[in-house]
Amino acid sequence: MSQQTATAPATTPFAYGDHVTIAVNVTDFERAIAWYREAFGFELIYKLDDWKWCELQTPVDGVHIGLGQTDDDVRGGMQPTFTVTDIAAAKAHLESVGAVFDGDVHEIEGMVKLASFKDPDGNALGLAEQL
């Protein structure tokens, strides 16, 4: 398998701002905030109780996780994948706070180790360790 690296900036059809928010539907707002803070160490940026919406800062500049409570049974569709330096340690920690992994860590030889798991609301998340 060959690996390609971009040599020039991407051309985009419009200008981007300075961050991205990955919106995640949850069924229990307070539980979700506590879980994402404990599981990942994310910091609460703001919380709108009337709207049942908040944003959490990740350790990656410009990447936020937005949690929004919903009564709809809408799950899946996106899988944010977090790059980590030690996938085994990250997996062990996440399992200790209730994450359920979809199986073993998979390795694409010489490139990356990958693992997929679910948060307490069944949302798909992933880990990647670059090799």
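**Close-up views of a predicted model**

**View 1. The open sheet.** Four strands form an open sheet in the order β1-β4-β3-β2, with mixed pairing. The edges are β1 (20-26) and β2 (43-48), and each of these strands pairs on one side only. From one strand to the next, the twist averages 20°. The model shown here and in the other views is predicted. Strands of a sheet pair through backbone hydrogen bonds, either parallel or antiparallel.

**View 2. Strands β3 and β4.** β3 covers residues 53-57, and β4 covers residues 63-69. The two strands run antiparallel, joined by five bridges. Which residue of β4 is the bridge partner of L56? It is I65.

**View 3. A helix on the sheet.** Helix α1, residues 29-40, packs on the sheet. The helix touches β1, β2, β3 and β4. Its direction makes about 155° with that of β4.

**View 4. The hairpin of β2 and β3.** These two strands pair in the antiparallel sense over five bridges. K47 has C54 of β3 as its bridge partner. Four residues lie between the strands of the hairpin. Here K52 takes a positive phi, near 55°. In a regular strand the side chains alternate between the two faces of the sheet.

**View 5. The largest pocket.** Rolling a probe the size of a water molecule over the atoms shows where empty space is left. The largest pocket has a volume of about 290 Å³. It is lined by 18 residues, and the closest to its centre are F40, P59, F82, T83 and V84. Which element gives the most? β5 does, with three residues. By residue type, the lining divides into 13 nonpolar, four polar and one charged.

**View 6. An aromatic pair.** The whole structure holds eight aromatic pairs. One of them joins F40 and F117. This pair is tilted, with 35° between the planes and 6.5 Å from centre to centre. Why does the pair tie together parts that are apart in sequence? F40 lies in helix α1 and F117 in strand β8 (residues 112-118), so the pair links parts that are 77 residues apart in sequence. F40 also belongs to the previous view, as one of the residues closest to the centre of the largest pocket.

**View 7. The whole chain.** This last view sets the close-ups in context. The chain has two helices and nine strands. From the N terminus on, its elements run β-α-β-β-β-β-α-β-β-β-β. Taken along the principal axes, the C-alpha atoms fill a box of roughly 50 × 40 × 25 Å.

Terms used
Residues are numbered from 1 along each chain as its sequence is written. This is a predicted model: local features need pLDDT of at least 70, side-chain atom pairs count only at pLDDT 80 or more; totals for chains, interfaces and linings use all residues. Side-chain values use heavy atoms; hydrogens and water are left out. Two strands pair if DSSP finds at least two bridges between them. Axes are lines fitted to C-alpha atoms, for helices over the stretch in contact, and angles run from 0 to 180 degrees between N-to-C directions. Contact means heavy atoms within 4.5 Å. On a 1 Å grid over the protein atoms alone, a cavity is a set of points where a 1.4 Å probe fits but cannot get out, and a pocket is an open set with protein on both sides within 12 Å along at least five of seven lines; lining residues have an atom within 4 Å of a point. Grid points are joined across faces, edges and corners, and a volume is the space filled by probe spheres set on the points. Ala, Val, Leu, Ile, Met, Phe, Trp, Tyr, Cys and Pro count as nonpolar, Asp, Glu, Lys and Arg as charged, and the others, Gly among them, as polar. Rings of Phe, Tyr and Trp (its six-membered ring) pair if their centres lie within 6.5 Å; planes under 30 degrees apart count as stacked, over 60 as edge-to-face and the rest as tilted.
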